[in-house]
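Welcome! Please look over the structure shown here, and then follow the briefing below, which goes through it topic by topic.

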Amino acid sequence: MINRRDFVKSGLLLSFSMGFSPKWISSPLYNKPVPITEGPQGHWFGYYDKWQIDPTGRFALGCRVGFEGRSPKETDKLEIGLIDLENDNYWKKIGESGAWSWQQSCMLQWIPGSSEEVIWNDFENGQYVSRIYDVRNETTRILPRPIYTLAPNGDYAVGTAFNRIQNLRPGYGYAAVTDPFQSVKAPDEIGLYTMNLKTGRTKDLLSLADLAAIPHLGEDVSDNWHWFNHLLVSPDSKRILFLHRWRPEILENQVMARTGFITRMITVDTRGKDLYVADPSGNSSHFVWRDPKHIFVWTRPIGKQAGFWLIKDKTEDMELIGKEAMDRNGHNTYVPHTNEEWVLNDTYPDKDRNITLYLYHIPSDQKVVLGKFHSPEQFVGEWRCDLHPRCDQQGRRVFFDSTHEGSRQMYYLDISDIVGT
């Protein structure tokens, strides 16, 4: 007996093979998005590679702030909320954070495998920390360092220096603590670390000086300003993926003028060993692990065109995915429980400031536009509002941040009839 998902999928592929387009393929808007927050205060989640929805599908996480259009100051607090999707989207405040950015908030997320514990970053006693909140017992415990990403097995976090990021890439770091190494191009004292989520024990893996000492395409890059960004752990929790970035800053009137930066994508094991430059092109951008050996990344590999490439870790094997359907950079993930056949993605605003949200079916090379959402002109630069689409853990709904109704709010769309989950 064929199950529902296979039935939907077989019908989809049959339609494509016969030249027909299902109604939702040609529609400019798959369905009207359902808001889960409302103004006047702004609400959003943050980045696209974290669990916003608990394993039951009932509770969503969110952030609330009372201003827009400027960088956060060290005194600005973010409110953390638990949203009951089955009780009129009731917002329950569960905490605050003094360590946040517009693009990634405070790294708020459910700990993988848990329906009880939530984690986010905060500022306390002059340093960045992370807090784990138990939603049932309403208790909080503090870990000594902030987190950037979590291992899928829920055992450990990976982190880096957020004040360094803020210094060199405003909008992604935190403003409460000044970078103590802001006059040092590649400090040996900061870099990449792991932290046990039970004990808080940390281990330094790699420093910025370590990476700055590795030539880029045969050239010395040590005389640049270096930082780490966008960390992610492999599905088997054995390897860490991150971006090493640098830029040749120019000091003008004691203010570092921003110039373009170069990026290389690197993997390493959890001991800081077996380092591999997975993409040496200098163009790596948004990525996600497909499985423990493959990375799905927007880049322009050496001698090849820009696009979303599936790269096999520790090899030179690569494959271009969605050559025509996904020809613009976006925030890409795989839809859960679809055997990595469905990709969820978005775009940056077009010339009319419209952002496209879509699904892409790899086997049939078909793109499903879920909607186009206008981004008002005031949401630009550091405080822009990317959709950052993310699925619930069942792969049935897409949640996203948007400003198409005039303020920063959160919405969802049901995609279960499309992907067959």
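Arg239, Asp274, Asp313 and Lys314 are linked in a network of salt bridges. Keep in mind as you look at them that this is a predicted model.

**The salt-bridge network**

- Side chains of opposite charge can pair when their charged atoms come close.
- Are Asp313 and Arg239 buried or exposed? Asp313 has 8% relative accessibility, so it counts as buried, the cut-off being under 20%. Arg239 has 10% relative accessibility and therefore counts as buried too.
- Another link is the salt bridge between Lys314 and Asp274, whose closest N and O atoms are 2.7 Å apart.
- Here again distant parts of the chain are linked, 40 residues apart: Lys314 lies in the loop between β22 and β23, and Asp274 in the loop between β18 (262-269) and β19 (276-279).
- Lys314 counts as partly exposed because its relative accessibility is 43%, and Asp274 is partly exposed with a relative accessible area of 38%.

**Another salt bridge**

- How many salt bridges does the structure hold? There are 24 salt bridges in the structure.
- Among them is the one between the side chains of Lys93 and Glu96, at 3.0 Å from N to O.
- Lys93 is partly exposed, at 43% relative accessibility, and Glu96 is also partly exposed, at 36%.

**A sheet of strands**

- Strands of a sheet pair through backbone hydrogen bonds, either parallel or antiparallel.
- Here you can find an open sheet of 4 strands in the order β6-β7-β8-β9, with antiparallel pairing.
- Which strands stand at the edges of this sheet? They are β6 and β9 (139-143); each has a single partner strand, so one side of each is left without a neighbour in the sheet.
- Between β8 and β9, the antiparallel pairing runs over 5 bridges.
- To see a bridge for yourself, find Arg131, whose bridge partner in β9 is Ile142.

**The largest pocket**

- The largest pocket holds about 770 Å³ of space.
- Its lining is made of 29 residues, and those nearest its centre are Asp49, Trp51, Pro152, Val288 and Trp289.
- Several elements give two or more residues to this lining, including β6 (109-110), β14 (225-233) and β20 (287-291).
- Which element gives the largest share of the lining? That is β20, with 4 residues.
- Sorted by class, the lining of the largest pocket has 16 nonpolar, 7 polar and 6 charged residues.

**The second largest pocket**

- The volume of the second largest pocket is about 360 Å³.
- It is lined by 23 residues, of which Arg145, Thr160, Ala161, Ile190 and Tyr193 are the closest to its centre.
- At least two lining residues come from each of β8 (127-134), α3 (162-168), β12 (191-196) and β13 (202-207).
- By class, 12 of the residues lining the second largest pocket are nonpolar, 6 are polar and 5 are charged.

How values were computed
Residues are numbered from 1 along each chain as its sequence is written. This is a predicted model: local features need pLDDT of at least 70, side-chain atom pairs count only at pLDDT 80 or more; totals for chains, interfaces and linings use all residues. Side-chain values use heavy atoms; hydrogens and water are left out. On a 1 Å grid over the protein atoms alone, a cavity is a set of points where a 1.4 Å probe fits but cannot get out, and a pocket is an open set with protein on both sides within 12 Å along at least five of seven lines; lining residues have an atom within 4 Å of a point. Grid points are joined across faces, edges and corners, and a volume is the space filled by probe spheres set on the points. Ala, Val, Leu, Ile, Met, Phe, Trp, Tyr, Cys and Pro count as nonpolar, Asp, Glu, Lys and Arg as charged, and the others, Gly among them, as polar. Two strands pair if DSSP finds at least two bridges between them. A salt bridge is a side-chain nitrogen of Lys or Arg within 4 Å of a carboxyl oxygen of Asp or Glu. Buried means under 20% relative accessible area, exposed over 50%, partly exposed in between (1.4 Å probe, protein chains only).
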